[in-house]
Each structure stands twice: as C-alpha cells, then as structure tokens.
Amino acid sequence: MEFPQQQKPAGEGIIYPPGVKEITDKISNDEMVKRLKMVVKTYMDMDQDSEEEKQQYLGLALHLASEFFLRNPNKDVRLLVACCLADIFRIYAPEAPYTSHDKLKDIFLFITRQLKGLEDTKSPQFNRYFYLLENLAWVKSYNICFELEDCNEIFIQLFKTLFSVINNSHNHKVQMHMLDLMSSIIMEGDGVTQELLDTILINLIPAHKNLNKQAYDLAKTLLKRTVQTIETCIANFFNQVLVMGKSSVSDLSEHVFDLIQELFAIDPMLLTSVMPQLEFKLKSNDGEERLAVVRLLAKLFGAKDSELASQNRPLWQCFLGRFNDIHVPVRLECVKFASHCLMNHPDLAKDLTEYLKVRSHDPEEAIRHDVIVTIINAGKKDLNLVNDQLLGFVRERTLDKRWRVRKEAMMGLAQLYKKYCLHHEAGKESAQKISWIKDKLLHIYYQNSIDDKLLVEKIFAQYMVPHNLDTEEKMKCLYYLYACLDTNAVKALNEMWKCQNMLRSLVKELLDLHKLPVSEANNTAMFGKLMSIAKNLPDAGKAQDFMKKFNQVLGEDEKLRVQLEMLISPTCSCKQAEICVREITRKLTFPKQPTNPFLEMVKFLLERIAPVHIDSEAISALVKLLNKSIEGTADDDEEGVTPDTAIRSGLELLKVLSFTHPTAFHSAETYESLLQCLKMEDDKVAEAAIQIFRNTGQKIETELQQIRSTLIPILHQKAKRGTPHQAKQAVHCIHAIFNNKEVQLAQIFEVQAIKLLVRWLLGMKNNQSKSANSTLRLLSAMLVSEGDLTEQKKISKSDMSRLRLAAGGAIMKLAQEPCYHEIITPEQFQLCGLVINDECYQVRQIFAQKLHLALVKLLLPLEYLAVFALCAKDPVKERRAHARQCLLKNISVRREYIKQNPLAQEKLVSLLPEYVVPYMIHLLAHDPDFTKPHEYEQLKDIKECLWFMLEVLMTKNENNSHAFLRKMVENIKQTKDAQCPDDAKANEKLYIVCDVALFVIANKSTACHLDCPKEPVLPSKFFLIQDKVTDTHTHVCIYIFVGISHWNNAIS
C-alpha cells in the first residue's frame, strides 16, 4: 500500500469543514467536542469517490492522528476522534493517509481502546460507539495492520477488548459486527498466533465461561465461522502440548482437555487433526494421564449429538480397550461413561455389551456396583436402551458375594419392575420383557443371608405390592402378581409370610413373659426369645445387644408395650400398624443423636412384624376380586392371566394367608364367597376353599350359625363323594371347626376317610393336639358297634365289614408309630386283635395278611404277634394253616435278627419271641367268648389258642427257653391284671389262663422244670406287681383237667 508522501504538521495549512473553527488545545473541551461533531458529520457524509474533498481534508486527517487527540483525557473527544479516524480509513481505502507504521499502530491501539465504550449500552454515547464498531467491521479497517510487524499486539488487544465488553444487553447486530471484525482478521491473515488463539480459547474454559456467557457464545460462533482457517492453529497447539509435552507454549496448557471438550461441542471439525493425538494419549504409561483422556473422551463419545464413534472408529475401539485398563479408576470411569452412552447413543449398546459383561465380573466391588448403576439408569430412562444381555448382567449380580453389589442389583431391578410392570409406563411389550424380575427377586429369599431376606421383604412392600396404595389397588396388585409367579417364587413368598408370622409370634411370646412376675426362669425364657428374634435381624451380634436394650425399654415403658401388642395383634389393621410403628419410633428417637443404630435395628424388627398388606379389609378385597373372576367380570385377560388361573391362584393365595392371618377371614361376607367356591366343579378350587375354612373357621360354630348350617352339608358331601384330597380336607375341617366332631365324623366316616385321618396323624408324628386320642376312641367305637356307629341299622353288612377292617387296620397302623403306640390302651389293643376272629371271612383274611406284613418287617410291637393265637378258633382249616405259617416266619425273622444284631440284646423284651406269651395270656383272658372260666368248652378253646402259639415257640429249647416260659407264666400268677386290678373275676380268668398255659408247657417239655437262667420282664401296661397272691383256683383248674380222660391224649 502506498501512503501520501507529505504529512503536514498539525496546525499548518489545515482546512476545516465549513463552519468549523480551528481545533487546538486552546479551546475548552465542550467547544472542542462541538467542533469535532461537525467534523465527524463531514467525514460521515464523504465517500471514496470524493477525490477533491479527500485531498482538501487530508491535512485534517493527519491532524486528527496527532498525539494531542490520541492521548486526550476527555473520553468524548477520544470517541469523536476515533469515529473520524474510522471514517478516514473508509474514505481513503485501500490506502490510508498515514505512512508511519508506528503511527498506524498507535491509531489502531487508540481505536481499540475506544471500543471499550461498547460495554455500557445505556450510555448516551453508545450509538457513536456502535457506529465506530460498525464502520470498522464493514470496511475491515484492521486488515491494514497485516503490513505491520507487530500487528499481533493490536489484534490481541482488539480480541481481548471485544470479549471483555460483550454482554447480554447487546443486540444481535453488535455481536455480528464483532464477529465480522475478528473473523476477517483470522481468515485473511497469514495465520493465528498462539497468543491470539489463547484470547479466543480462554473464553471456553469453564471458569471464564461461567463468568461471561456472552463471551463464550461469541468465541464459539467465531470458531464455527473460521473453522477451516483456525483448525490448523488449534491442531498445532494441541500437538505441542499433548504429543511434544511443551506446556510452556500457552498458559492454557493445563486446560487442554476442557478445551478439547468445548471445541468438540462447538464443531468436531475443529479437532480433525487432534483426535489421533488423543489415541496416542490413551496408550500412555501414566495411569493418571490415561484417566484424564478417558474422562475427556467419555464426554465426547457420550455427548448427545456426537458422531465421533462412527466417524473415528479407531479412536472408539481404542477407547473401548480402556474398559480393561489395569488402572482401577480408568475402568471405573469407562463404566460410568457407559450410562450416558447408552442413553444418548443406543446404537453403541452392542459395542458396550461385551465390555460391560467383563466388568460385571470385575474383581473391584466399586466397578461391579457401577456396572449395575449404569445399566439401571439407562433402563429407567428408556427400557429399550438396555438389551436382554445387559439386564442379564444385573440379574447375575443379585447373587454377588458383596452385599453392596447385591443390594444395588436387587433395588435396580425392583425400580424397573415398578416403573414398567406396575405402572405400565412403556406398554405391555416392555412389561413382558422384564416379567422375569418378580420371580428372580423372590427367588433371592432362598439365600441364607438375613440381609437378602430383609431386602426382598422391603422390595415386596415398596415396589412389587406398594403398601401405600389404597386397599383395593394394593390387593389387585397382589392378586395378579400371585397368579403370575412361578412355583418357586410362590413358595418363597409363602415362606416370607411364614417367617414374618413366626417373628410376630416370638414378639408376642416375649410380651407375654413381661406380664409374668420377675424370676430367674422368666429371665432365662426372655433371653431365649431375644436371641431368637435377633437371629431374624441383620448383624446378629449387634442385634442381640440392641434387642436386650429394646427389651429393657419395654420393661420400663408400659405404653410402648401396649403399642407393640397392638401392632402384633391379629386384629391390627394396616392403618393401625402405621400409627403404631410411628408411635414406637417416636418414643425411641433421640433428637440430639444424628445417627441412631439402635433405632435402625428396631425399625428392621417393626418392618418385619407390621401387617402392612393384610388385614380384614384386605382379605375382603381379595375375596371380591375372586368373585369377579368367578363371575367373569374381572380384568383377568388384561392382566395377562386366564380366569381359571386367576381363580385357582387367588384361592391358593387366600389359603396361604389363612395360615398366617386367620383372624382376618372372620366375616360372613368372606365366608359366603368361599362357600360359592366350594360349589365349583374345579377340584383344586374346592379343596383350597375347604382348607381355608379349616384354618380360619374356629369361631364359625359359635358366632356364624348361618354359615355353619350351610357349610356342614357341603363338607359331608365332599367327605363322601369328593376326591381323596377333598375328603381328607373335609375331615380335617370338621375336626378343626366343630365341637361335636365325633358325631359329625360318624355321619361321614368311610374307609377312605379313616385312612386319610390315620395318614394325617402319621404325618404329624406327635400327639400334642390330642387328636390321636379322639381318633382311637372313634376307631374303638366303630369296632364295638361292629361298623355301625349310628346304630340305626342303615348301613349294609358289607359296608360294616369294610369299616371294621378299616378301623382295625387303622389302629394297627397307628401302633407302628411309637408316640401313638404308647397311648393305645389294652382295651383298644384287644378290640383290634379280635378283628382276626371277625365273622366275615374276607375281613379275617385281609387283616391277618396286613398283620403278618407289618410284623415280619418289625414295624409292629411284639404284642401284636399274640393276635395270631386267636386264629386257633378260625373255623376254616386253610386260615389256621396260614396263621401257623405266619407265626413260624415271624418267630424265625426275630430270632435271626437277634443273632445278626449285637445291639438287639439290649431290646430283647421287644424282640424275643418268647416275650409274646404274657401278651397272649392277657389277650385270651379278655377274650369276649371266655365268660365262664370253669366250663369245659371254653377252657378247651383257651387251651387250643395257647397250644397254637406255644407249639411253635417250643419247637426247640434254645437257651433253656422252656424253663423261661414256665417262669414267665408263674410270675404272671404273682401279679394282678393292670387293666382292671380290682376286678376279682378278671384276675381269676387271668390266673386260669396261666394254669392252662403251665399245663400245656409241662406236657410239652420235661425240661421246663429246670432252673430259669434269667428273670423274665413283664409289661407293666398289662400286669400289676403285688406282694402276695392266693392260688386256690389253681387246684380247681388242675382238678378239672386231670379228670378229663382225653385231655392227655390231646396234649400228646
């Protein structure tokens, strides 16, 4: 550019516009401003074609650039001069009237300083400042500075000024002129120096960004506009800092990662050459450096509209490799990134899945934990963002060895279930996708850890069936949840209710102990209860200490005990439970104590025992839902279950609750609905309904007469004509509900019912409820009445026979269980044994077969072997022969067992065949046919029965057994009949049978008179030891037998 050769000194030959007097330092500021305004007006009106005026006012132009004006203290003067100078550059363009480089530098620095006036948009002079900016931008005046060696100083000052003055009060035009001014310098220059680049980039640093948002926006727009030009400069900067490690090239070196993030957000093209440098940094040996790069790239890849992963696959793959980094914080950062990536870039889920799978098994607990958080957060935003594999990783972690990880996985799945399955926020398809969650969460209840169990209970109460719902909605959730659970989940849920019920019982027992007087035994019992309760709480050691403290507080605070008793009361409603928990918590809260582990432990206990779901109102709501399913008016299909499934599972649910909350069922409305279920054709439905009545109907007989009158005929019908399971449940129901159970059972008792009742008793294996006593009385009564309990002669002979056989067999079955054998009286044993002499041939045959099978397996006590002696009276020869074979077999089995088992020597009383003789003698003495002990025919029958047994026993004289038998019989003669010790006739019959036995033994063996090697033991249940007994009757009996001539022949 060529500048005019002549520059006249100020004041010499200066031509001013018409009306403008000379401007010197001699005039006042106001006058100077007045005259300058006229000069400004003159220059504003001039254009580049005004050659004459340009030449005319050249001196003035040079004068205005003098030090007097450039350093004038008055800002108004400086502003007007700057406007003139800007117009001068416009008018004289492309050649400026100033030839000195120093002068140009001074002028542009002067103009730049004036631009600071743009900051105050409310200033009266703002329009002139705007005019100055507009003029400079339009003409691109600063481009003249490219000719100057130190132009960079001017540009830096300009950029700093513009970025500092921009604010939110500026309109769009101001911003655009600033952009035009700066972008022309960048795009038309030879390059951007680092210092100038820093003036732009510094506005992107978070600290500066937050201070002046408008400066940030200006820098962002400027970079977007100049991306093609400035990208090279940016690449050079990052190359020196990242690759070459020259942090001294810029004060912004320590902010490189923040800058990269911001530049990427502005325009990824700005970093085209920088990204490969980041790949190099990802492979750095410095873990902290890798961590910084990973954090940066995580933000770049995870940004919402970022296409970096698809545009730069090598960098993406390199980044994914950091998921397996040796440095734990790097792996942790990668996992955290995955959450944003899944939410913003679902298309990358496939790439992330494999790496998250590996990290879900990471040895570091925190990483496994964050994998779960990552997946769950994405799933909560949109379930479609997480595939089945990712959800599978969370599922696996529910069994993690660390409680924190397990808890996060379980809670995460619970939140997904509530959001998509309970609230249906994403439709049925999404609900179906995670329908497995409910089963999986309940399966965890099988884990041994009490923490897991407690969390499952919490999840069930807050997420699966939220306790804060109103009763109808809450029970609808439970009703359809139960219908959709798999078998194991149902068992787990049932177990959960059972455990909570057990804990309530323990607390009740503890409160009952508080009502008793203080004693050592009471304290010991309390301690036992507290230990049992503590086992059901987390951290058993601490739980024991806290429960002791809680027990102490209970002992001191009666109101607290009352609240706790109300909470565990069977009649406590869900609303009452909330009030009780709140009151107990309030009493134990200490305001000055920020953390109270004691209170937290008590809360755990209260949460487990509080009835937050089930009360009378809830049961009523469940029954109404069941009725709707039966009537076909429910929403079963909409909930994804068939009506049949809903009905069946609904009744199963009620059946389970009838065990844990029986009191809640006690209402006429509930029972009326259950009666309808009893009439349904579905066997399973009816069976469940009967069981519910059995579990809950203890007060029906006294308080609900109408229900009772309807229920009894239905139970009778089910017991007679229902399925075996229904019959069994009907019998149990009658037994549990009605006081006159024997009368009720008598009306329906058939063979199958007897068997079922016996099986039930055998399954219980205890007689705590005294059910076995009443059952044995009933069976005895059946045998006494010959099978017709009602004695109305309405039962056929065949049915009576079957009932006698069933009753005898039932007593024999019960005798096989030690706890029931002990309570079978001698009278009941005799009634059972006499079945082998029944008038019906088939009864005798089947009974003998069952007796033999039980004895040969050593299932029955030895006394039942004596029953075979009665077979001597059987009129059928084949039956007598069969009975003899049974005796031989049983005696052989017992002798062999004693030989093979050394320990059997300690149980000879119950195993040695010879010990059957006392039972046989007692049984024959009470034979109903043995009424006249002195009559020949009856004595002959007794002799035949004795001979039938003794003949087999005395085949061999092993270990001097004949003398042992003699001694045993003689000892019996020294006792009284324990069945009726004061009945002289009964004792006489016993002694006569003994005499006959001694006569038979003496005639059979001559060795019987030898000394007995061992003292026999007699069963105290049948024989009562006495000091002295008279035996005058013995001579009478012997006399009778000696007088019979053919007696000896029979013996021989």
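Author: We start with a definition: axes are lines fitted to C-alpha atoms, for helices over the stretch in contact, and angles run from 0 to 180 degrees between N-to-C directions. The model is predicted.

Reader: At what angle do helix H20 and helix H22 pack?

Author: H20 covers residues 349–359 and H22 covers residues 388–397. Their axes lie 10 Å apart. The packing angle is about 10°.

Reader: Are H20 and H22 roughly parallel or roughly antiparallel?

Author: Angles under 35 degrees count as roughly parallel. The angle here is about 10°. H20 and H22 are therefore roughly parallel.

Reader: Which residues of H22 make the contact with H20?

Author: H20 contributes Thr353, Glu354, Leu356 and Lys357. The residues of this contact divide into three nonpolar, two polar and two charged. From H22 come Gln389, Leu390 and Phe393.

Reader: Now the backbone. What is the phi of histidine 424?

Author: Most residues other than glycine have a negative phi. Histidine 424 is not a glycine, yet its phi is positive. This residue sits in the loop between helix H23 (403–422) and helix H24 (427–433).

Reader: Where is leucine 858?

Author: Leucine 858 also is not a glycine and has a positive phi, about 60°. Its relative accessible area is 28%, so leucine 858 is partly exposed. Its place is the loop between helix H47 (841–856) and helix H48 (877–900).

Notes
Residues numbered from 1 in each chain as written. Predicted model: local features only at pLDDT ≥ 70, side-chain atom pairs only at ≥ 80, totals over all residues. Heavy atoms only, no water. Helix = DSSP H or I, 4+ residues; strand = E, 2+ residues; numbered from the N terminus. Parallel < 35°, antiparallel > 145°, perpendicular 65-115°, else oblique. Contact = heavy atoms within 4.5 Å. Nonpolar A, V, L, I, M, F, W, Y, C, P; charged D, E, K, R; others polar. Buried < 20%, exposed > 50% of the residue type's maximum accessible area, 1.4 Å probe, protein only.
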